[in-house]
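The entries below are in the sequence in which I made them.

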Amino acid sequence: MDEADVEGDLVNVLFTEKQIHDKLAELAAVIESDYDGRDVLIVGILRGAVMVMADLARSFHRHVEMDWMAISSYGSGTKSSGVVRILKDLDTDITGRHVLIVDEIIDTGLTLSWLTSNLASRNPASVEICTLLRKPEALQMPVEVRYVGWDIPNEFVVGYGLDYKERYRNLRDIGTLAPHVYS
Ligand code: PRP
C-alpha cells in the first residue's frame, strides 16, 4: 500500500520507502564492515521486523544467516508490566555465535532489554541490536543499541511492519497515525 491507499489516516509521512531503503543500505555497510571476517546471525523479531529483515539482509554484499523469534510483549496488560514471553524461539544454537537482533522499533525498551539478557545467557560470542526506529522519549529501560536508523518523537507511527490493530503493516512508507483513527 501507498500513502494514497490510506488517505486521511496519516498526519504525515515520516520516512518514504526510498529513504528507508537508503538508510538500511547505509546501516548494512557499517554492519558489514564491523563484522568483517566474522559470521553473523541476524535475528528478526516477529512480526514487525519482517520488512526490515528482508531489506536489510538484501542490502548486504555477503552471506548472513537469518533466524526469527516471536515474543508476546507484556501479556494482555499494559506495556509497563515488562512481562515478556517467548512464543517462538530460535531454531539456531547461538553458543559462540555473533548475534545481531533486528527490530523495527524500540519504544519503551522493555522487549529488547529482556531479549538481550535472554540471548546473552545462551553464551553467544556477542549480542548487538539494530533497530530502524527508536523513541528516546518513551524509553523506560536502558538498552544498548549499536545500530539505529532514526530517533523519532514519541508519536504513534505505522507502516513498514509497524501496525495499529494489525493494519498498516504493508504500507510502504512510515507515517504518523492520525489520532482520529485510534481514539
Ligand atoms: C514492537 C517492536 C518491538 C517492541 C518494542 O513489537 O517490534 O519488538 O514493540 O516495544 P518496547 O520497546 O516498548 O518493548 P510489538 O509488540 O508491537 O509486536 P509486533 O512486532 O508483532 O507488531
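**Entry 1, overall fold.** I began by noting that this is a predicted model, and I kept that in mind for every value below. I then looked up the secondary structure and found 4 helices and 9 strands in the protein, which follow one another along the sequence in the pattern β-α-β-α-β-β-β-α-β-β-β-β-α. The radius of gyration is 16 Å, close to the 16 Å that the globule rule gives for 183 residues, so I wrote the protein down as being as compact as a globular protein of that length. For the extent along the principal axes, I noted that the C-alpha trace spans about 50 × 40 × 25 Å.

I looked up how much of the chain is covered, and buried residues make up 47% of the 183 residues. The accessible surface comes to about 9100 Å², and carbon and sulfur atoms account for 48% of that surface. I also checked how far along the sequence the contacts reach: among contacts between residues at least 6 apart in sequence, 66% join residues at least 24 apart.

Which residues of helix 3 are buried? I found that in this helix, residues 110–120, the buried positions are Leu110, Thr111, Leu112, Ser113, Leu115, Asn118 and Leu119. I next asked which strands these buried residues pack against, and the partners are strand 2 (41–46), strand 3 (65–73), strand 4 (84–88), strand 5 (98–106) and strand 6 (126–134).

The structure holds 16 salt bridges, and I took a few of them one by one. Asp55 forms a salt bridge with Arg58, in which the closest N and O atoms are 2.8 Å apart. Both residues sit in helix 2 (residues 50–59), and because they are 3 residues apart there, they are separated by about one helical turn. I compared the cover on the two partners: Asp55 is buried, with a relative accessible area of 14%, whereas Arg58 is exposed, with a relative accessible area of 63%.

I then turned to Arg169, which lies in the loop between strand 8 and strand 9 (174–177). Is Arg169 buried or exposed? Its relative accessibility is 17%, so Arg169 counts as buried, the cut-off being under 20%. When I left aside its neighbours within four places in sequence, I found Arg169 in contact with Arg47, Gly48, Met51, Gly159, Tyr160, Gly161, Leu162 and Asp163.

With Asp163, the side chain of Arg169 meets in a salt bridge at 3.6 Å, N to O, and Asp163 counts as partly exposed at 25% relative accessibility. Glu166 also forms a salt bridge with Arg169, the closest N and O atoms being 2.9 Å apart, and Glu166 counts as partly exposed at 43% relative accessibility. I recorded that salt bridges with shared partners join Arg47, Asp163, Glu166 and Arg169 into one network.

Tyr182 counts as partly exposed, at 34% relative accessibility.

Conventions:
Residues are numbered from 1 along each chain as its sequence is written. This is a predicted model: local features need pLDDT of at least 70, side-chain atom pairs count only at pLDDT 80 or more; totals for chains, interfaces and linings use all residues. Side-chain values use heavy atoms; hydrogens and water are left out. Buried means under 20% relative accessible area, exposed over 50%, partly exposed in between (1.4 Å probe, protein chains only). Helices (H or I, at least four residues) and strands (E, at least two) are DSSP runs, numbered from the N terminus. Contact means heavy atoms within 4.5 Å. A salt bridge is a side-chain nitrogen of Lys or Arg within 4 Å of a carboxyl oxygen of Asp or Glu. The radius of gyration is taken over C-alpha atoms; the globule rule is 2.2 Å times the number of residues to the power 0.38. Accessible areas come from the Shrake-Rupley method with a 1.4 Å probe; for residues, only the protein chains shown count as cover.
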